[in-house]
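Please read the following note alongside the sequence and the model. The points are numbered so that each can be checked in turn.

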Amino acid sequence: MDLRQVFAANLRRLRHAKALSQEDLAYEAGVNRTYMSKLEKGGSYPGLEIIGKLATVLEVEPAELLKLPARKGRRPK
């Protein structure tokens, strides 16, 4: 899975969990709403500053936005 897609999925999931619209999140993070849309579609690579701003608004650690999904069907050793 492309890291942009991982970021996009996590961003959408976390934004929905906070019941924020793309526009509200963009405003709170100080980024353009069109850019926010591109991020959620996996069409743009976010910089570290943007990741930090989004994480702050979403009240998560920045690494949470880049966390790979858990693999299904595999047991830990």
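1. L3 is placed in helix α1, which spans residues 3-17; helices here are DSSP runs of H or I with at least four residues, numbered from the N terminus. This is a predicted model, in which local features need pLDDT of at least 70 and side-chain atom pairs count only at pLDDT 80 or more, while totals for chains, interfaces and linings use all residues. Residues are numbered from 1 along each chain as its sequence is written, and side-chain values use heavy atoms, with hydrogens and water left out.

2. L3 has a relative accessible area of 46% and is therefore partly exposed, a class that lies between buried (under 20%) and exposed (over 50%), with a 1.4 Å probe and protein chains only. Together with L66 and L68, L3 makes a nonpolar surface patch of about 280 Å². Such patches take residues with over 30% relative accessible area and no salt bridge, and join nonpolar side chains within 5 Å, like charges within 9 Å.

3. In helix α3 (residues 33-40), the buried residues are M36, S37, L39 and E40. They lie on the same side of α3, because they cover an arc of only 160° around the axis, the arc being that of the directions from the helix axis to the C-beta atoms. These buried residues pack against α1, α2 (22-29) and α4 (48-58).

4. Just after α3, G42 takes a positive phi of about 75°.

5. In the loop between α3 and α4 lies S44, which counts as buried because its relative accessibility is 18%. Leaving aside residues up to four places away in sequence, S44 touches R4, Y35, K38 and L39, where contact means heavy atoms within 4.5 Å.

6. A salt bridge is a side-chain nitrogen of Lys or Arg within 4 Å of a carboxyl oxygen of Asp or Glu, and by this rule the count comes to six. In one of them, R13 and E64 have their closest N and O atoms 3.8 Å apart. R13 lies in helix α1 and E64 in the segment after α4, so this pair ties together parts that are 51 residues apart in sequence. R13, E64 and K67 are linked in a network of salt bridges.

7. The side chains of E40 and R15 also meet in a salt bridge, at 2.5 Å from N to O. This pair links E40 in helix α3 with R15 in helix α1, 25 residues apart, and both E40 and R15 are buried.

How values were computed
Accessible areas come from the Shrake-Rupley method with a 1.4 Å probe; for residues, only the protein chains shown count as cover. Helices (H or I, at least four residues) and strands (E, at least two) are DSSP runs, numbered from the N terminus.
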